[in-house]
Amino acid sequence: LATLAACASGGSGSGTGDTGQTLRVAVKGGSGDTLDPHITPATQGDLVRIGNLYDGLTAYGHDGKLEYRLAESMTPNDDATVWTIALRDDVKFHDGNPMTADDVVASIARIKNPDNAAKGAPLLAFIPDGGVKAVDEHTVEIDLGAPYGPLPERWASPYLDIVPADFDPVKPVGSGPFEYSEFVPGQHSLFTANEDYWDGAPKVGALDVITFDDNQAQRSE
């Protein structure tokens, strides 16, 4: 279903679509639904919401191949102990601010912070504290202290999305194809099209994620 919702975006679907229409998607969820891409273990509905609000550095495409997203490249040194990540320079968050290396550094720190119990924290456990720095506005360097080859593949996890350095989960801002409008946990979520999306504007004007629990599903049968 996360893939289905993503097909409303310009970079993932086909055809021109109708930007005056609303795409409605029904998903399983409950009172624990979240818009935080890092903290709460994701449900089916969370993955749909997160997949449309935020972007990661890399991702696996519909053909199963790895592709760069917010990152343009990831280049290791000779022994793969230090990686240099070149970021896209045309990405804006929903509030209009450009994505920079500082946002990537802050996102990594937020995921790794043990107080947050982030779902993606184990995926970044191989990165030592203090091993990430912003070289310039669009370059991040990760010093691992030991060789590590599959860094681009590791970043394809949906739990490692990039958020602004001042991210507030109550009023979430991302860089994905849709931006936050309304959210009622366990009921529905409404997102409007991000017309400035770096990968192409969505083909519909809004995304409405309707939530149901198991009891509701049983009553509807």
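1. Contact here means heavy atoms within 4.5 Å. Keep that in mind for Ile 142 below. The model is predicted.

2. Start with Ile 142. Leaving aside residues up to four places away in sequence, Ile 142 touches Thr 81, Val 82, Trp 83, Ile 85, Ile 108, Ile 127, Gly 131, Val 132 and Trp 155.

3. Now the nonpolar cores. The largest has 30 residues. Ile 142 is among those with the most contacts inside it, as are Leu 57, Met 74, Ile 85, Leu 87, Val 140 and Trp 155. Two or more residues each come from β4 (71-76), β5 (82-87), α3 and β7. The largest share, four residues, is from α3. A second, separate core has 15 residues, including Ile 50, Ala 193, Val 204 and Val 209.

4. Next, the aromatic pairs. There are three in the structure. In one, Tyr 54 and Phe 167 have ring centres 6.0 Å apart and planes at 70°, so this pair is edge-to-face. Tyr 54 sits in the loop between α2 (44-53) and β2 (58-60), and Phe 167 in the loop between α4 (151-154) and β8 (178-184). They are 113 residues apart. Both Tyr 54 and Phe 167 are buried.

5. Phe 126 and Tyr 148 form a stacked pair, because their planes are at 20° and their ring centres 4.2 Å apart. Phe 126 is in the loop between α3 (101-112) and β6 (132-136), whereas Tyr 148 is in the loop between β7 (139-143) and α4. They lie 22 residues apart. Phe 126 has 22% relative accessibility, so it counts as partly exposed. Tyr 148, at 17%, is buried.

6. One more ring deserves a look. Lys 119 lies over the face of Tyr 159, 5.2 Å from the ring centre.

Notes. Residues are numbered from 1 along each chain as its sequence is written. This is a predicted model: local features need pLDDT of at least 70, side-chain atom pairs count only at pLDDT 80 or more; totals for chains, interfaces and linings use all residues. Side-chain values use heavy atoms; hydrogens and water are left out. Rings of Phe, Tyr and Trp (its six-membered ring) pair if their centres lie within 6.5 Å; planes under 30 degrees apart count as stacked, over 60 as edge-to-face and the rest as tilted. Buried means under 20% relative accessible area, exposed over 50%, partly exposed in between (1.4 Å probe, protein chains only). A charge sits over a ring if NZ of Lys or CZ of Arg is within 6 Å of the ring centre and within 35 degrees of the ring normal. A nonpolar core is a set of buried Ala, Val, Leu, Ile, Met, Phe, Trp, Tyr and Cys residues joined through side-chain atoms within 4.5 Å.
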